[in-house]
Amino acid sequence: MAMKDLGRSTVVITGASSGIGRAAARAFAERGARVVVAARRADALAEVVRDCEARGARALAVPTDVTDPQAVEALAAAALDAFGVIDVWVNNAGTGVFGPFTAGHPALHRQVIAVNLMGAVHGATAVLPHFLARGEGILVNTVSMGGWAPVPFAATYTASKFGLRGFSASLRQELREHRGIHVCGVFPASIDTPGFAHGANVSGRALDPGPLVYPPEDVAAAIVGLVDWPRDEIAVGWPARAAQIAYGFAPGPTEYALGAALRRYLRRAPPAPRSDGSLVTPRPEGRATTGGWQARKGRAGRLAPFALAGVALLLGTTALAARSRR
């Protein structure tokens, strides 16, 4: 499929100070789009703007807390004031609390829902009137494989991602008659980002994404690809699709396998201090696209909580065979 000319397009990306958001800003800049980047850290956003400008694109930084609906409205207004139009809006801001649910303070759990789910609601609220007035636009929500299969010891993260998937699907049906407007969900597997530094870790154990870790550029390419070919849902990394299949056909066994693997991992993982990460207050570290996991692990790496795709795929295949026999 031929790539669209993005030279006159404006893209707004939240959660753009690091990880997938920063990689997506670079990818859109390389296609010539005008990029508006948003996150809480103004200094990190300034670096992203320089990244985009070095690729020949125009860029604007708008420090934004997506949990504040007025701030998100101001983000949309700033993009329109600067460039006159918004063609693509990427709700990418995300965070989580990892560890036993009862070990996390309710304020931390509330913040996860506020960022992951309500942040996307605020983004859609800000941009959809503009899309409807124009009759076109692409809304991209970065969900997670955790929106297809529940992630143990990340209850509110899972709740927010299941909710975000449902929100996206409901909006998609509501807007079906507006053929120029698309609502797309991106479901990454385990991605090498600074996410572990930003999220809260209340487990008392060191976190490890496991050996099956994908670069954030893969997700960025998928997001940009949705401009060329809008799709309802797209997986990045085969473990994400395997988790969907497994949970769809064998939810009970999949939950059991994931829970058992996570409990085993937490028993064996080395101790680590508990941390609220950047949930409440932004921290200076973790502003690159990558978290450095692939560089540290090389091709090796031990099986950790998010590397269960093989088990998930096996469960899905087993369930299919069982249903066929019945």
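**View 1. Residues of helix H4 that meet helix H5 in the predicted model.** From H4, the residues His109, Val112, Ile113, Asn116, Leu117, Ala120, Val121, Ala124 and Leu128 take part. Their counterparts in H5 are Thr156, Tyr157, Ala159, Ser160, Lys161, Gly163, Leu164, Phe167 and Leu171. The residues of this contact comprise 12 nonpolar, 5 polar and 1 charged.

**View 2. Crossing of helices H4 and H5.** H4 spans residues 106-134 and H5 spans residues 155-174. Their axes come within 8 Å and cross at roughly 20°. Angles under 35 degrees count as roughly parallel, and H4 and H5 are therefore roughly parallel to each other. The crossing is right-handed.

**View 3. The open sheet of 7 strands.** The strand order is E3-E2-E1-E4-E6-E7-E9, with parallel pairing. E3 (59-61) and E9 are the edge strands, each pairing on one side only. From one strand to the next, the twist averages 15°. H5 packs on this sheet and touches E6 (137-142), E7 and E9. The direction of H5 makes about 160° with that of E6.

**View 4. Pairing of strands E1 and E2.** E1 (residues 10-14) and E2 (residues 34-38) run parallel and are joined by 5 bridges. Val11 stands opposite Val35 in E2.

View 5. Phe187 has Ala235 in E9 as its bridge partner. Ala235 lies on the uncovered face of E9 (residues 233-236), together with Glu233. The covered face of E9 carries Ile234 and Val236.

Methods: Residues are numbered from 1 along each chain as its sequence is written. This is a predicted model: local features need pLDDT of at least 70, side-chain atom pairs count only at pLDDT 80 or more; totals for chains, interfaces and linings use all residues. Side-chain values use heavy atoms; hydrogens and water are left out. Axes are lines fitted to C-alpha atoms, for helices over the stretch in contact, and angles run from 0 to 180 degrees between N-to-C directions. Helices (H or I, at least four residues) and strands (E, at least two) are DSSP runs, numbered from the N terminus. Angles under 35 degrees count as roughly parallel, over 145 as roughly antiparallel, 65 to 115 as roughly perpendicular and the rest as oblique. A crossing is left-handed if the near helix is turned anticlockwise from the far one by less than a right angle, and right-handed if clockwise. Contact means heavy atoms within 4.5 Å. Ala, Val, Leu, Ile, Met, Phe, Trp, Tyr, Cys and Pro count as nonpolar, Asp, Glu, Lys and Arg as charged, and the others, Gly among them, as polar. Buried means under 20% relative accessible area, exposed over 50%, partly exposed in between (1.4 Å probe, protein chains only). Two strands pair if DSSP finds at least two bridges between them.
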